[in-house]
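Subject: Structure handover

Hello,

Here is the structure for you to look at. My notes follow below it.

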Amino acid sequence: MGPADDSSRHGAAAFEVVELDAWERVAPLRDEWDALLAESPDASLFLLHEWLDNWWAHFASGRRLAVLVARERGRLAAALPLIEERGAMFGRPIRLLRSMTNDHSFRFNALARRDGGPALAALWTYLRGRTRPWDVLRLEEIPHDRCTLEPFLAAARGDGAFVGASRQLDVPYLPIEGSWAEYHASLSKNMRANLRKKGRRLSEEGAVAFRSVRAREDVASVLQTGLVLESSGWKAQEGSAIVSDSNLTSFYSRWAEIAASRGWLRLSFLDVNGAPVAFDFSTLYGGCYYDLKMGYDPAWERFSVGQLLKARILEACFEDGVAEYDFLGASMRAKDDWMPRKRGHDWWFVFRRSLTGRALHFLKFTATPMAKRLRGH
């Protein structure tokens, strides 16, 4: 059998594990995929079938799909969306399996129900005996407090594979609890004073208005206006703005259309005299408000228009009964001013049980940290 048809059995329960190497084979799973995600401990936006479909359509170049799915008596029990590519570690070429992620994916995990440990272990059993060779499995941006993958990793350790994790980011997030007034009062005195002062000075420039666009028919033109703001300032200079890359523009435009059709899209603006000065592109899914992108006109920076817009968005989150606001990405002063909590994100590595795997694990998790400590002295 080829790797796309292999099956695996684990423990007392029988699981059929299949590797899907073409998106045409993943596409029909949409309804049961999202149903399984809804029952998973980490029901993240970035694991939605539609998000991954859009991701693959825009970032597939040079990669081979390797989506693992486990079924128990015909029912989807676990899934792990992977891609395969050539890579290198410490100067050695490797055959890399890794999470279906890049700089525009902020979180990753396996899909499985809370009692899905045996199904996740079955995914490892399949991967251990996979006929198509691989050297390293790299799983990026796994939330430390919601590591659905633990049974998979435990099975790998139990088989003698070399497993390790490295902390990457502490991502700010805000549980929406109590009232806006109570939360606002909990902010630092300086933050509250700054919001009052900047808001007052901005109002002296003209009529200030907050608006949120969700309707599908308005998305194309409104998003274009927002992306112009997102590209202002340092992003334009560094070439990191969405509009600086036609593929990125297509990716986010397509996601805006999808999110709008599902009622998830939130495009927010702060206007002065009818002209937008700050923009926020977010998605509200599963009770969590994900802040994907934002930007502002540098000419209005002295009024902290980005923070004033954020205040209006957060106030609306409290009023609308949102459960959590996720700032996404790395911590920075503009995020930390809102007194968020931090969620650690890890990259997990699994090296096959071999001399090469042992050597790479040693270099990654023993030799390199030791060398950094010595240089620190």
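A helix here is a DSSP run of H or I with at least four residues, numbered from the N terminus. One such run is helix H13, residues 355-376, and leucine 363 is found in it. Please keep in mind that this is a predicted model.

Leucine 363 first. Its relative accessible area is 31%. Buried means under 20% and exposed means over 50%, so at 31% leucine 363 counts as partly exposed. Which residues does leucine 363 touch, not counting those up to four places away in sequence? They are Phe90, Thr368 and Pro369. Methionine 89 is 274 residues from leucine 363 in sequence. In space the two are 9.3 Å apart, C-alpha to C-alpha.

Leu363 also belongs to a nonpolar patch on the surface.

Next, helix H3, residues 49-59. Of its 11 residues, 9 are buried, so H3 is largely enclosed by the rest of the structure. The buried ones are His49, Glu50, Trp51, Leu52, Asn54, Trp55, Trp56, His58 and Phe59. What covers them? The cover includes these elements:

- helices H1 (23-26), H2 (30-38) and H10 (246-261)
- strands S2 (64-72), S3 (75-89) and S11 (288-296)

Now a helix pair. Helix H7 (residues 189-203) packs with helix H11 (residues 305-320). The angle is about 105°, and the axes are 10 Å apart. That angle makes H7 roughly perpendicular to H11. On the H7 side, the contact is made by Met191, Leu195, Lys198, Gly199 and Leu202. H11 brings Val305, Gln307 and Leu308.

Last, threonine 148. Look for it in the loop between strand S6 (136-143) and helix H5 (150-158). Is threonine 148 buried or exposed? Its relative accessible area is 7%. The cut-off for buried is under 20%, so threonine 148 is buried. Leaving out residues up to four places away in sequence, threonine 148 touches Pro41, Asp42, Asn109, Ala110, Ala112 and Leu120.

Best wishes

Conventions. Residues are numbered from 1 along each chain as its sequence is written. This is a predicted model: local features need pLDDT of at least 70, side-chain atom pairs count only at pLDDT 80 or more; totals for chains, interfaces and linings use all residues. Side-chain values use heavy atoms; hydrogens and water are left out. Patches are made of residues with over 30% relative accessible area and no salt bridge: like charges are joined within 9 Å, nonpolar side chains (Val, Leu, Ile, Met, Phe, Trp, Tyr) within 5 Å. Accessible areas come from the Shrake-Rupley method with a 1.4 Å probe; for residues, only the protein chains shown count as cover. A salt bridge is a side-chain nitrogen of Lys or Arg within 4 Å of a carboxyl oxygen of Asp or Glu. Helices (H or I, at least four residues) and strands (E, at least two) are DSSP runs, numbered from the N terminus. Buried means under 20% relative accessible area, exposed over 50%, partly exposed in between (1.4 Å probe, protein chains only). Axes are lines fitted to C-alpha atoms, for helices over the stretch in contact, and angles run from 0 to 180 degrees between N-to-C directions. Angles under 35 degrees count as roughly parallel, over 145 as roughly antiparallel, 65 to 115 as roughly perpendicular and the rest as oblique. Contact means heavy atoms within 4.5 Å.
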